[in-house]
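Trainee: I would like to learn how to read the places where parts of a structure meet. Could you take me through them slowly?

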Amino acid sequence: MEMRRTPILGMWGSYRTRHQAAFEESRYSLRVFLKDRLALLGVCLILATIIVAVAAPWIAPYPDQGRGASNVKERLEAPSRAHPFGTDASGRDVLSRVIFGARIPLMISSVVVAAVLIIGVPLGGIAGYIGGWIDELVMRITDIFLAFPALILAMALVAFLGPSLRNVAIALVITWWPWYTRLVRGMAVSLRQRPYVLAARTMGVSQWTIIRRHVLPNALGPVVVQVSLDVGTVILEVAGLSFIGLGARPPQPEWGLMVSEGREYILSEWWISTFPGLAIFLLVLACNLVGDGLRDVLDPRTKR
Amino acid sequence: MPLLSVSDLTVHFNIRRGLTRRSIDVVHAADEVSFSLERGGTLALVGESGSGKTTVAHAILGLNKPQAGSIVFRDRDLLCLPKRERRAARRGMQVVFQDPYSSLNPRMTVHDLVAEPLRVGSRMQGDELRERVLELLEMVGLGTQHLWRRPHEFSGGQCQRIAIARALALSPDLVVLDEPTSALDVSVQARILTLLHRLQRELTLSYLFIAHDLAVVESVASQVAVMYLGTIVESGPTEVIFNDARHPYTLALLASVPSPDPEHRSEGAALSGDVPSAIHPPGGCRFHPRCAFRMDVCEREAPPLVDRRGRRLACHLPDSFDLSAEQEVARLARATTTVEEPGRRPSARPRPTTEVPPKTRRRW
Amino acid sequence: MESPLLDIRDLRLEFRSYRGVVKALDGVSLAVDKAEILGLVGESGCGKTITGMSVLGLLPRQQARVTSGEVLFRGDDLLRKSEHEMQRIRGRLISMVFQDPLASLNPVFTVGDQITKVIREHKRVSKKAARDAMCRALSETGLPTHKTLLHSYPHQLSGGMRQRVCMAMAISCDSPLLIADEPTTALDVTIQMQILKLLLRLREELGVAQILVTHNVGVAAQTCDRIAVMYAGQVVEQGPTVAVMKEARHPYTMALYECLPQGKSAQELLTIPGSVPDLIDPPAGCRFHPRCRRVLDVCRDVRPPLVEVARGHRVACHWVAEQSGPVRIPPES
């Protein structure tokens with residue numbers, strides 16, 4: 001370990017020095033993570049999906065068909081050099097649609113995760129740290145939500161709100177947040193009696209600051225792991241809801257919807273459902289691989 | 001006026017069960033505990049686990065709610081003050097906990113840890129804050145080159161220094177030391193104890209020292225209060241308690257310290273059995289089921305804590321009762337091992353350690 | 001002379017960590033005779049626990065590598081045994097008691113079940129015989145043998161009772177050697193004394209030899225027949241308890257005693273400068289030399305051998321060797 005010069009007032013050290021510990025810690029975690037070949041594969045797949053999603057208009061062979069324009073002249077064509085994944089019942093290039101379709105799960109899952117974290121984490125922290133009737137109230141509300149199977153509840157909510165991707169996102173947020181609230185609440189309850197939290201109390205640090213600075217940051221590890229494991233499920237549920245007609249509306253290029261549209265032709269024109277199905281499979285697999293890898297790095301229980 | 005005086009402090013915890021959170025049992029964690037601490041003095045609260053010493057410390061620090069009693073700190077009763085003033089008054093007392101790692105937030109750097117009380121308590125900022133943080137770290141003997149490192153990169157002793165620096169940030173009058181060295185190795189413990197001693201002298205601090213290690217207590221405390229099952233059984237000046245203990249429990253506790261002198265092995269375990277549950281403490285004197293000298297009255301009446309023979313004592317045994325045999329056992333248990341330089345040593349046999357040399361030492 | 005029950009010879013052990021190879025044990029040699037209590041004393045990180053664990057082969061084989069040495073138990077080298085063979089030795093010939101009794105008992109079985117299970121795993125005996133053996137072991141450790149205890153779960157017992165149950169389990173198969181790793185550290189002083197007395201009684205009545213791993217000098221002084229003081233993976237001094245405690249010669253041992261607060265005021269406490277070395281890159285020569293006040297030039301390069309300074313009392317220190325001149329053993333007085 002190199003010795004650092006005593007900081008002199010006025011030249012207090014760069015941002016880099018002040019956050020040296022965090023830098024080194026993340027570098028170490030990254031090194032452990034990168035040793036995990038499967039997780040690395042997952043990262044590559046997700047990165048590829050993101051690149052494809054962003055660059056869709058430029059790399060898709062038929063961008064307007066990808067967005068939904070039909071082309072009745074070339075209906076149900078088998079994979080060929082012009083259409084590597086074939087074309088669907090409206091004559092649209094399946095490859096272009098799969099490429100454009102990458103945008104939807106990425107977008108929705110990030111929105112859902114962000115919203116769930118914004119609602120669930122602070123609520124769990126408050127319930128767990130403050131306790132008493134607030135805790136009771138929050139926990140009973142989560143109990144109500146958790147009493148329904150998540151997918152059924154989401155379906156009911158979308159059916160009530162009307163089918164659209166926006167409503168799918170809302171429904172997923174409503175069904176997911178209680179899990180995070182409970183997770184964080186459990187962590188907060190155990191952190192409440194930690195000596196460093198007690199010490200902060202004796203210093204006169206306010207409740208909110210304690211929750212923000214001492215409780216939530218230390219409860220975040222398991223949350224990150226949970227998020228990474230849940231993203232795949234969110235993607236799957238978006239596709240599932242679209243498949244049964246509760247999510248994306250035609251002609252949106254949504255993978256679940258595309259699988260559903262190819263249903264009638266599955267025996268003869270297999271490519272219409274297969275390629276979007278494969279895309280779902282790969283993305284979800286990638287998310288789970290990354291999630292497992294992250295858990296090994298962040299969750300002390302699985303540390304060797 | 002003493003800096004801190006606690007009187008008749010009673011802390012009960014309700015054990016709640018079920019949906020309605022009704023109380024099914026009461027833990028008598030501390031019952032009518034009274035003591036006082038002079039400015040610049042060190043009072044040690046001694047006892048085994050379940051004795052209520054930590055409960056008392058937490059009550060003083062405002063980490064639990066006492067049922068009754070008063071805590072007068074700097075002439076103000078903390079339990080009667082409005083919330084805001086109480087919080088301000090409590091800035092004058094800080095705490096150092098036992099486990100140096102878990103008492104520091106693992107995600108904060110040394111600088112942030114020490115700066116936190118300054119930001120909160122005195123709203124310090126900028127250069128003033130930086131200067132104070134550096135000053136505090138220097139005070140506890142930590143180099144500033146590790147300012148931006150996190151607790152897990154330090155040894156236990158270094159972490160305890162960080163915790164001490166943090167406790168001193170707001171220039172408190174009283175520092176509650178909750179087993180500050182029991183998680184540390186002896187050589188590290190010695191350094192922390194000398195540091196605490198130096199700080200006390202330089203800053204005129206008062207210490208409330210919670211400990212179970214009597215050897216440490218003897219070397220740091222000016223006053224000792226021995227607790228058993230939520231009550232104080234004997235309290236007084238350290239010399240009196242250690243050399244002339246009168247309560248059977250104090251004697252047993254003293255005799256249980258394993259002496260580092262192999263030539264004075266204690267004969268048998270001084271006490272049999274376990275500490276009873278604090279949910280249904282024994283009636284009368286709480287120590288009577290384990291006491292070797294119990295009398296009928298001990299089962300019926302709880303002895304009051306009264307001034308007797310230069311200390312406060314809660315025991316039914318009369319002053320005339322002969323405890324010298326037990327006191328001798330307790331004294332032997334404190335026999336020390338003396339290491340002398342081989343060059344200076346005239347003979348192979350070290351001097352006998354049975355007699356306790358008259359001590360006139362300066363205390364903390 | 002009769003060969004000792006357990007003979008650890010020149011044990012070297014390394015750990016792989018992400019920062020590098022930790023040289024955790026460096027040439028540790030110890031011997032335990034029949035019905036003898038050997039104390040392993042030292043501060044955290046000195047290798048005392050690792051020594052105890054390596055005897056039983058409890059260290060993870062992927063990370064801990066024994067680079068040399070042998071652990072002879074009744075003449076058999078335990079380091080050459082397979083995991084399967086070790087399983088039959090653990091508990092039956094050598095048993096171990098840990099610091100945290102709650103963690104070493106299975107929370108879902110009752111006390112009675114756990115002890116009988118251990119007995120029946122090692123001995124082909126009937127349930128009845130196992131129960132009798134259990135009752136004997138329990139009463140040896142001063143525990144009642146009535147149903148309330150046998151049918152209770154570990155969390156329902158007090159700390160002292162749990163440690164007694166662990167000990168009853170350890171002696172239930174009449175193993176001749178018990179390794180106790182900080183058995184009293186988690187207990188209160190009055191309970192600690194009870195457990196120490198129990199260790200002594202097991203030695204006297206059942207002839208169980210013991211290795212008592214402890215950081216508490218007082219505990220070692222009160223219990224052990226011989227003491228080995230360890231520092232940074234090496235034994236620096238060993239010998240009969242009285243000799244090591246009262247006529248300590250190694251500067252580290254002496255400094256350790258001076259740190260004890262017993263009967264000293266805080267001003268009188270002496271401290272050891274510096275801190276325990278990093279065992280990835282330990283100091284050359286004597287591992288204590290950077291902190292030693294008696295350091296000689298030779299200490300920086302040459303590792304001091306264990307030299308006998310009195311009967312059975314051996315010290316690894318150049319300074320001591322120089323002081324006492326050529327090795328001579330004073331006649332018994």
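Predicted model: local features only at pLDDT ≥ 70, side-chain atom pairs only at ≥ 80, totals over all residues.

Trainee: Which chains have the most contacts between them?

Mentor: Two residues count as in contact if their C-beta atoms, placed from the backbone, lie within 7 Å. Of the 2 pairs of chains that touch, chains B and C have the most contacts, with 48 residues of chain B meeting 46 residues of chain C.

Trainee: Which helix of chain B supplies the largest share of the side that touches chain C?

Mentor: Helix H6 (186-203), helix H7 (214-220) and helix H9 (248-256) of chain B each bring at least two residues to that side, and the largest share, 8 residues, comes from H6(B).

Trainee: How far apart are the nearest C-alpha atoms of chain A and chain C?

Mentor: Chain A and chain C do not touch, and their nearest C-alpha atoms are 10 Å apart.

Trainee: What does the domain assignment give for chain C?

Mentor: It gives domain 1 (6-93 + 175-323) and domain 2 (101-174), and the centres of these two domains of chain C, taken over C-alpha atoms, are separated by 29 Å. Their contact takes 14 residues from domain 1 and 14 residues from domain 2 of chain C. On the side of domain 1 that touches domain 2, helix H8 (residues 189-206) of chain C gives the most, with 6 residues, and the residues of that side divide into 10 nonpolar, 3 polar and 1 charged.

Terms used: Residues numbered from 1 in each chain as written. Chains lettered and ligands numbered in written order. Helix = DSSP H or I, 4+ residues; strand = E, 2+ residues; numbered from the N terminus. Domains from an automatic or database assignment. Nonpolar A, V, L, I, M, F, W, Y, C, P; charged D, E, K, R; others polar.
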